[in-house]
Each structure stands twice: as structure tokens, then as C-alpha cells.
Amino acid sequence: MPQRNSTLYLIMINRLSRGWSASDALNLFNSMPCTVRNVVLMIDGLAHNGDNLIALKLFSFLHSSMVTPSGFTVMKSCVELKSIAYSMQIHALKVKPNCGEGEKSDYIYNSLMNMYGKCRDLGQTENIFHRLKKKDLVSFNQIMDGRI
């Protein structure tokens, strides 16, 4: 039996999940080895296609395994569903443990403020804003967007 070309499979999953058939993309995904790259691509494609709940469920299901992407992959789905419960889950499981000091943490905090603001959780948005050591234009815009 010929060896499968993983790049070709990733391209096929990308195309299928981004508009043609999410179910076909999931079937193809299930026949592949489970790697972080495959998971990220599948979740991203589902979220792009508007299948946000499926993307979040796939993320939650795979969290128990050693193959899980970062929380940023599913933040868009949390925002689209306006789901505080999923937002808090992603924040606690994937983002909080990786949030340290420096520019990377500022990016993480601004992304969290965006997610919570769009989910209409102003209290959590303000809480994260106050944790920022260096507030910049992006962070002030996030806090103002959350109030609108």
C-alpha cells in the first residue's frame, strides 16, 4: 500500500473544511494520524466555516490527549458563539498556564480582552486590562470595544 502524503491530506482537509463539506473533512481527519498540525488545521477550518460548536467540541475532546493546539485556535469560535462558558474553559486550560511576562503576555491579554469583550463579560475584560503592566493603544481599544 502506498504511503499517504500528509501535505496533500492537509490541503484536502483545509479545502473541505473551509466551505465544501465539514463532514467529509472530519471523516478525512479521522483517518489521519493525530498531530497538532492536523488538529489546528481542522479546528481552524471548522471555525472559518462557521461550525464553531463542532470546533469547540473537537478541541474539548482532544484536550484529554497529548495533542491539543493553543487556546488561540478556538478563541474565534468562543467569540462567534458568545459563549462565556467556553471562553472561561479555554482561558483556564490553555491560555493561563502559558501567560508570563513580556510582549507575548501582552498579546495574550489583548486577545483575552477581545474574547471576553465580545462575549459581553465586561468584568473579566476589565480584570485582564488591570493586569497589563504596559497598556497600549490595542489594550485601550479592547476595553472601549467591550463597553460598546
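This section describes the helical architecture, helix packing and nonpolar core of a predicted model.

The protein contains nine helices and zero strands, and its elements accordingly run α-α-α-α-α-α-α-α-α from the N terminus on. Of the 148 residues in the protein, 43% are buried. Among contacts between residues at least 6 apart in sequence, 56% join residues at least 24 apart.

Two helix pairs were examined, with helix α3 taking part in both. Helix α3 spans residues 36–48 and helix α4 spans residues 52–63; their axes come within 7 Å and cross at roughly 155°. Because angles over 145 degrees count as roughly antiparallel, α3 and α4 are classed as roughly antiparallel to each other. The crossing in which α3 passes α4 is left-handed. On the α3 side, the contact is formed by Val-39, Met-42, Ile-43, Leu-46 and Ala-47, and on the α4 side by Asn-52, Ile-54, Ala-55, Leu-58, Phe-59 and Leu-62. By class, 10 residues of this contact are nonpolar, one is polar and none is charged.

Helix α2, comprising residues 22–30, packs with α3 at an angle of about 170°, and the two axes are 11 Å apart. The pair α2 and α3 is therefore also roughly antiparallel. Here Ala-22, Ala-25, Leu-26 and Phe-29 of α2 meet Asn-38, Val-39, Met-42 and Leu-46 of α3. This contact comprises seven nonpolar residues, one polar residue and no charged residues.

The largest nonpolar core has 35 residues, of which Ile-13, Phe-29, Met-42, Ile-43, Leu-58, Leu-112 and Met-115 touch the most other members. At least two residues of this core are supplied by each of α1 (6–20), α2, α3, α4, α5 (72–81), α6 (84–95), α7 (103–118) and α8 (122–131). Helix α7 provides the largest share, six residues. For Leu-58, neighbours within four places in sequence being left aside, the contacts are Phe-29, Met-42, Ile-43 and Leu-46. Among these partners, Phe-29, Met-42 and Ile-43 are themselves listed with Leu-58 as core residues touching the most other members.

Val-74 is found in helix α5 and has a relative accessible area of 0%, so it is buried. With residues up to four places away in sequence not counted, Val-74 touches Ile-43, Ala-55, Leu-56, Phe-59 and Ile-90.

Apart from neighbours within four places in sequence, Asn-52 is in contact with Leu-46, Ala-47, Ser-77, Glu-80 and Leu-81.

Tyr-107, by contrast, is exposed, with a relative accessible area of 55%. Tyr-107 lies in helix α7. The C-alpha atom of Tyr-107 is separated by 9.2 Å from that of Ser-139, although the two residues are 32 residues apart along the chain.

Terms used
Residues numbered from 1 in each chain as written. Predicted model: local features only at pLDDT ≥ 70, side-chain atom pairs only at ≥ 80, totals over all residues. Heavy atoms only, no water. Axes fitted to C-alpha atoms, helices over the stretch in contact; angles between N-to-C directions. Helix = DSSP H or I, 4+ residues; strand = E, 2+ residues; numbered from the N terminus. Parallel < 35°, antiparallel > 145°, perpendicular 65-115°, else oblique. Left-handed = near helix turned anticlockwise from the far one by under 90°. Contact = heavy atoms within 4.5 Å. Nonpolar A, V, L, I, M, F, W, Y, C, P; charged D, E, K, R; others polar. Core = buried A, V, L, I, M, F, W, Y, C linked by side-chain atoms within 4.5 Å. Buried < 20%, exposed > 50% of the residue type's maximum accessible area, 1.4 Å probe, protein only.
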